[in-house]
Amino acid sequence: MKRSVLYICSLVVLIVGSVRPGQAADKPNILFLFADDHAYQAISAYGSKINKTPNIDRLAKEGMLFENCFVTNSICGPSRACILTGKYSHLNGFYRNGNRFDGSQLTFPKLLQKAGYQTAIIGKWHLVSDPTGFDYWQILIGQGPYYNPPMIENGKRVNHVGYTTEIITDIALDWLKNKRDKNKPFLLMCQHKAPHRNWQPGPKYLTRYDDVTIPEPKTLFDDYKNRGTAAKTQDMTIRKTLTPDDLKLVPPKNLTPEQRKAWDAAYGPKNEAFRKMKLTGDDLVRWKYQRYIKDYLRCIDAVDDNVGRVLKYLDDSGLAKNTVVMYSSDQGFYLGEHGWFDKRWMYEESLRTPFIVRWPNVVKAGSRNSAIVSNVDFAETFLDIAGVDIPDEMQGRSLVPLLKGTTPKDWRKSFYYHYYEYPGAHSVRKHYGVRTDRYKLIYFYNLDEWELFDLQEDPNELNSVYGQPKYKKIEAQLKAELARLRKELKLPKEDPPESYPPKRKRKK
Ligand code: CA
């Protein structure tokens, strides 16, 4: 059955792929601007109380902002695999960081390439195997450093000196200007490392925010009462988990002498002042929060400036009018909420990711959409924009009708989430669950513990109401919906073995 579907798909691809270049050239270009760990709470178009992102905001002003874009599995590699394949982790095989992406499977860049698109990916890849389906690729090795990154360009190692966010943008602009076939429409995935841990700011941003105090989130001192074992036993608090390296109490190791001089000039006096204060307890947490969040925002300032550079090139070159530009992140992130940094949970801050789309003459400028959408919808959306048939095996749904201003009546009313990486970094227990517009039911299945949140009454998710008589009926409805979604999405009864698929290292 699967094979015959694949056969039909490849026939479709062959037919679509045989159009003359002149026809393909009329299709819109797709520019996917992607960050790593960029929380919606740190985008002013999403109502940030802590920073301004004028260039990303410009996309929202000229396009559509999705208020409820959820990820299927809130962590870097799995999110990327989901985006490429349009499938959940259990069907694309990439469950947790350290897995190796099976590049032989069907992905949307392969289908766009066959339909006459020039395809390129530049920046963070993080899927271990080499990219497939791209005419040009230049990727960081694994996580990649913030400064002076070695990269792999179509299989060959190249070295760069400078700040990674700027270098990725330079390479993307060079590809747009000089390297692509200008007779074809393009797909360019420009994927930043920033603002991933350990949040090293670029030379231009080292002292920004030095003279301000960033507001603290309401739940910075969360005590995890009224939730289960998982929230109480994680290892991702600002209080205990941040390292001296995260906090810039020690300098990065790979800087050039000039970069090191600028770094020491910025952090030296700040660290000296900190050591003299001899802070303890909550005061120390507050200091750590300020150091963390300022470095995080400095990294985002560089991302936003570099989004601006790309938008300016689109304007100057005339490409803007026929290019769909998207901005998103591989997941959301905690900016001190619940006392945390990092992601992984089905709780709001990491479940929800920013997603903004500008599509001139199609998307109404300044519009917002509150439907439940997901990173599992991206692949189908890209294909639909390009007029390419969508394979049945993909599990999302094209967002093109929403972008054109109409959310279909039968649009999804619930969303399935599943996190697998335990044991693992930050000790977040495995869980799956269902979210609707008002409720969220989470099952920590290895603990056999449930949590239920009424987001209308408790938007900060501090009180699980699971088991309370008032919510019995809702609980039963959500459990039925969860079972329905698991069946529809073809979830296996058992998780894969921990080591699946085997991890392999790149030869040096
Ligand atoms: Ca990430």
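**Cavity lining and calcium site**

Author: Happy to! By class, seven nonpolar, one polar and one charged residues line the second largest cavity. Here Ala, Val, Leu, Ile, Met, Phe, Trp, Tyr, Cys and Pro count as nonpolar, Asp, Glu, Lys and Arg as charged, and the others, Gly among them, as polar. This is a predicted model, where local features need pLDDT of at least 70, side-chain atom pairs count only at pLDDT 80 or more, and totals for chains, interfaces and linings use all residues. Residues are numbered from 1 along each chain as its sequence is written, and side-chain values use heavy atoms, with hydrogens and water left out.

Reader: Which element gives the largest share of the lining of the second largest cavity?

Author: Among the lining residues are Arg80, Ile83 and Leu84. Two elements give two or more residues to this lining, strand E8 (186-191) and helix H4 (76-85). The largest share, three residues, comes from H4.

Reader: Which residues are the protein donors of the calcium ion?

Author: Donors are N, O and S atoms within 2.8 Å of the metal (3.2 Å for Na, K and Ca), and water is not among the atoms, so sites may look incomplete. Here the donors lie 2.2 to 2.7 Å from the calcium ion. They belong to Asp36, Asp37, Cys76, Asp330 and Gln331.

Reader: Is Gln331 buried or exposed?

Author: Buried means under 20% relative accessible area, exposed over 50%, partly exposed in between (1.4 Å probe, protein chains only). Asp330 has a relative accessible area of 0%. Gln331 also has a value of 0%, so Gln331 is buried.

Technical notes. 1 Å grid on protein atoms, 1.4 Å probe; cavity = no way out; pocket = protein on both sides within 12 Å on 5 of 7 lines; lining within 4 Å. Helix = DSSP H or I, 4+ residues; strand = E, 2+ residues; numbered from the N terminus.
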